[in-house]
Structure formats: C-alpha cells, structure tokens
Amino acid sequence: MPVAAASMPAVAASAPPPAAQHDGPDDFVLLRILGNDLFPRHRKGQTRTNLALILAHEPELEDCRKRWIVNRIIDPAEEALIIDLLERSGQDYTRIPFDIGEYAGIGWAEDGFAEPGFFLSKSYEALGPEARARAEVHARRLKNIYVMNNNGGRNLALREGRGLARWVLPWDGNCFLTESGWREIRRAVLEQPDLKYFVVPMLRVSSNELLLRGQMERPAEDEPQLIFRNDAVEMFDEARPYGTRPKVDLLMRLGVPGPWDRWLADTWEAPMAPRSAEAGRFALAGWVGRLESGKPHLERSGQGTVRALARADAIVAALDWLDRQVMASRVQPERLCLYDEAKIGELASEASATLRSALKADADAALSRGPGSVADKPAPAPGAGARDYFSLARYWWPDPASPDGLPYVNRDGDDVFRSGLPGFAPERFDRMRVQQLFDDSIVLALGWAALGDGRYLDHAAGLVRTWFIDPRTRMTPHLRFAQFVHGHDSHDSTGYGILDFSGLPRLLDAVRLMERGGALSPGDGLAFRHWLRSYADWLLDSPQGRHASRRLNNHGTFYDLQIAAIAIFLGDIDALNAALRRVRERLPHQFAPDGSQPRELARSRPRHYSYLNLVGWIAIARLAESVGDDLWNYEAADGRSLRKVLRWLIDRCDARDWPKGLPVEAERLAVEPLRAAYSAKYEPEQAGPAPQPPFSLDPMLGMAPFWPLQR
C-alpha cells in the first residue's frame, strides 16, 4: 500500500537510530529506491522496465520483506506508470514527491570553487572537458540534492526499515537478487550477527538475461550495496549529491577498501568525512546484480570514465530541463519588461501632470525625426556593405606621425568626436541614428500608451520597419563594424561595439506596445523576430560576441542585457537561463566587497563607467524581475551585491575626487535614477519626493528615456 513520505530534515553524516526499533528475529527488509531515468546515462523508461523485470522474475527471498521508495520522479507520466505497476502488483511503497515549486526556489552552488565567478575565470578556461563537466555538476549541487535525493532516499529507507526488521537493505532500484545470491547474503549475515554492517559486492551486467539465468560474466567488483543492522549509527551524507560518490563517502567512513581509495577528488569537492568509530566492523556478504541501464556500451568493464561523463551530462541535462520548465512558466513575451504597466496607467492622474506634459513634448518632437536607416551614411566601413552598421571607437585617434593617420592610436577617455577633426561628424556614422531609433521608439510608444494619440504609434512603427524590416533599408543583423578602429583587426571590430546596441531592450518594449496597438502587422512582427533571431545568433556565435561575453566590465554587462532581453522577447528559455546564470558569475568579477567597481574605477573616466555599468545592471535586474528572478536581492557567497554597489555610488555622487568625471550638474542628474531605484527596491517605506525633470538624460549615460516609468 502507498505511503506518502513526510518532509524530514537532512542527515549530514551519521545520526542515532530512532528510539523505536524492530527487536524481533533476524529478519530482513529490502527497500529499493526508484529514481529518475537520466538520459544519456539511462534509456527513458529504464527504471520502470527494470521494476517490471524484478516483479516478474526475482524470487521470493527467505525472511525478507520487500518495499519500494518512489523517489522524486520528475516526469509525472513516468511516475504514474511506476506507481500503477507497483499497485497492480500489490507492492508496498513510499512516495517522496517532486514539487516544482520547491525546486524553483533552489539556486546555484558557489562554494568550493577556487574563486568567485569561477565559470568566467581563467581557472575554468584551463580545465579539460571532463573537469568542466564535473564543475557544471557541482554548480548544480543543491538542485541535484533535491531532485535526485540519492542519499535522502537511502536514509528514508533506513528510517523505515529500522522499525520493520532486524536487518535493513536500503538499495538502489536496479538491484536484482538471484536465489543463490540471496542465500549467500543471508548466510553471511546470520553467521556474524554481532556486526552492524555488511558489504554486498555488485555485478554490473550488460544484459539482464545473464541474471535471469543466474550467470556471472565476471566477479562482482563494482561499487557495493550495504546492509545495516537496525541499531547501526552511520547513515548516508545527504549533502553529497548524485554523481559525486555519495555512497563511497560512507564506504570510506566504514573503512571498506576499494578502487575509490585511489580516486582523485576535484578541488571544489568537499573532503570525505573522517573514519567512523565503527570503521572496520563489517564483513562481505554474497553478491547482488545490477540491472542494465539501457546503454549496454556503458556497462562494459573499463568504461568507468565514459560512464562518469555520461552521468555528468545526464545530471546537467535533467536539471536544465527542469530550469526550462520553471522559467517557461514565468516568461510572457508580450509583457513589458523594463517599463511598468501600472506606472504608465497612472500618467492620467493629476499627480503625473508634469511627467505627462514632458512625455507629450518629447513624443511631439520625435514625430519630426526619421525614419533613419543604416543606409543613410555617406560611406560604409572598409570591406562592408551599405546596410552594415558602422561606428568608430571614440577613443581612437588618427596617428599624427603617420601620413595617412594609420593605424589609429588609443587615447582612452579623449573623445575623438568632440575634437572637431574633419571626418568625425556624427552623421557620417550609425551610432547617433541607432540611439535616436531606440529613444524615439520608446518615447513614441509610451506617448501612445499614456495619451492615446495614434500618430505616435504609427510613426514608431515606421521607424522599426525602416531599420529592421524593409529589404531596401534594413540593417544586416550583426555589429562586425561597430566601434571600428582604422588600421586594426583586419577590418573587423573586436566586439566592443556590441555596446552600441545597449538600448535594444527599450526598443523591444516599444515593439510590444506597437503590436498591442496594431501598428505592426503580424507579418511585420514575424519579420522583426526573424531579424532579432539572426542578430541573437550572431551575438552567441561570432568572434565579437564571444569576446564580449567574456568581458568582465561593462561590456560584458551590456552583452548579457541584450541576450536576456532578446531571449524574453523570443521566448528563448535556454538563452535566458544561461544569461541570468552568467550575470551571477559576472557579479564578483565586477563588484568589490565594499561596493566599488574596480574595473570601472581603473578607467580614465571612472565616474562615468561606474555609473554606466550600474545602468546596465539595473536594466538586467528589471528584466529578471519581470520573469520572477530576484537579482535586486541576490548576494554572492562573500556578500557582494547590487544593493551594496548602488549604495556605494549614491554615497559618492557629490564627491570631488573623481578624476575626469562628468560635469557636476550631469553627475547630479545621472544619479537620480539610481537613487530612485535604490529607494523603490530597498527602502520603499522611505519614499522621497516625486521625480523631477529632466526625465530623459544624455544618451551617452545609457539610461532609458522616462526612467520614472520603469519597474
């Protein structure tokens, strides 16, 4: 009959047996734990297939009761089939349920790695494929412990078994006992009843037929199963997840020798527990067969490394599949991500008259501009076409010592576009046009949403069609020639120019409003998404994109911002989860424990870049918030957090010791959106006065227009 398992506290390494124990004769209870099929380590349905084989062919075992633990099966259909099979066969079982809501609250494991942000470090880059796979498993350790519940299931079996029999066998669900094998086990135990632990060698078979015929193709020498007397103290360590030698930890505590004594541990793996006071007090007892996994090539002798890699891949795949389910339930691509629907709705109130008036003025002004296109520039980049985006790196200047100025030389912090040199007029390049596109599109769309003027939305839609949809004028979906440096990189940029599209997330909110208002047709929407998908693929696969993804300063921040924004818009759950995880890895590289940003402070314009990077982080936090992920309150293992960094910069906004900072008035204005975000997220009970104009800042500061309307 079925029993529901109550939630029980985790067991670290050992625990005293419960007060109530079975004090009867030398009988046995075999509790087998039925877990998840993990592809590619197992064949789908293999747990159920093996269960059916056991129920049909395993003999009755003298003096032994049989029970089952249905252990957090993540596939509801598969779990239902397993339970149906147990119930039709009259089997007793306990079900440990899987709860997707509980799983959704479990984060990534950061402990053990050589440094914070390990997966964006040189230490990680230096690892080989096998070590990287194991590191990925470790990063999912907390998720793994909950889902696989490997040692948790074993300990539940131990607890149940102690009240049912003198000898408890908390075994894996794929264990199969032959009649002769059980006789050997039972005889060995009954001959030495003073011992509390018995070790049962296991035979990994390539074909179940061998076990059914009672044959052994080789000696039983695989990782054994254990038998416990019901007053045994030792238990399994539930902090050791599946795939990281969870049973071996107990074998080593008991002093059971084996090949695991020679296995090397990864540096991030917790050390094995010290020897138990009961170490050495065990004996061998018979043997047990391990049914096939559905992957016979993995069961052959000498395939331990291949099995380990397949197991690591399977763990990652299963947990990523669950993460996908969690995020898919949260993502609504049509919902605004940066801007707040409620705040936009409140613009009709008298209290919002100043903000509403400013929005109308800016939307009216935007009606007179555009539509612009990348095809408007007088000449493309060297080696590029007319519709290839083209901008120049603003801190690279013609070399005065060279007749043709080539190659350009770096003067970090000195903007060549402020020089007045011929050839550097902003209209000759695309950056000013794309910035205007991003800002005008959202201002017009917000103007329509707040004021109901259809002219705004129609004009915004025209901007989008011209830049992304019309075959004659649309931009090719890449930034190969963004922040181009003449005389360098064989006419390709390095990836720094991806920063030019930092305003893309606000455009996506604008497009959502255009579609909601019918200004973009379904065909327009499809064409825009096709462009966006191509651009996202370029970000993920190009040398420039890969370079930007590895940057540990504001360039990496704005790369993740774009990936996350596009992923939400397109419903690309895998890309979104990867970006949000990468953001967490990026945080300790960018933020110091005191809240400063060392990489930005090292720049020639430290105030500007410290501010700019935080603008990107706030935008990412808002995107994450829109899909139920709280970056606002996330803390790295050593306490670094977005909250600390915001506080650090706000406290220093009026400081005079910033070299080459922004003009004082611009500094004061720029910090207001940060101050407002801090108050809203961390001190809502201390709300200050309503935001005052200007509500749109210098585009070079990165803050989206009408920031008081954001989340």
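G107 is partly exposed, with a relative accessible area of 34%; partly exposed is the range between buried, under 20%, and exposed, over 50%, with a 1.4 Å probe and protein chains only. This is a predicted model, in which local features need pLDDT of at least 70, side-chain atom pairs count only at pLDDT 80 or more, and totals for chains, interfaces and linings use all residues. Residues are numbered from 1 along each chain as its sequence is written, and side-chain values use heavy atoms, with hydrogens and water left out.

Back to the glycine. G107 sits in the loop between helix 3 (100-104) and helix 4 (122-125). Helices here are DSSP runs of H or I with at least four residues, strands are runs of E with at least two, and both are numbered from the N terminus. Beyond its neighbours within four places in sequence, G107 is in contact with L142 and K143, where contact means heavy atoms within 4.5 Å. Its C-alpha atom is separated by 9.3 Å from that of A139, 32 residues apart along the chain.

Next, R140. Is R140 buried or exposed? At 4% relative accessibility, R140 counts as buried. The loop that holds R140 runs between helix 5 (129-139) and helix 6 (141-148). The side chains of R140 and E136 are joined by a polar contact of 2.6 Å. Such a contact is a pair of N or O atoms within 3.5 Å; within protein, one must be able to donate a hydrogen and the other to accept it, and residues adjacent in sequence count only if both atoms are side-chain atoms. Not counting residues up to four places away in sequence, R140 touches W108, V316, L319, D320 and R581.

Helix 21 covers residues 573-590, and 16 of its 18 residues are buried. At 1.5 Å a residue it should span 26 Å, and its end C-alpha atoms are 25 Å apart, which agrees. The expected span is 1.5 Å times one less than the number of residues.

Last, the strands. In strand 3 (residues 64-71), 7 of the 8 residues are buried. Strand 3 pairs in the parallel sense with strand 2 (residues 28-34) over 7 bridges, and with strand 4 (residues 92-96) over 5 bridges; pairing requires at least two DSSP bridges. I33 stands opposite I69 in strand 3, and R67 stands opposite D92 in strand 4.
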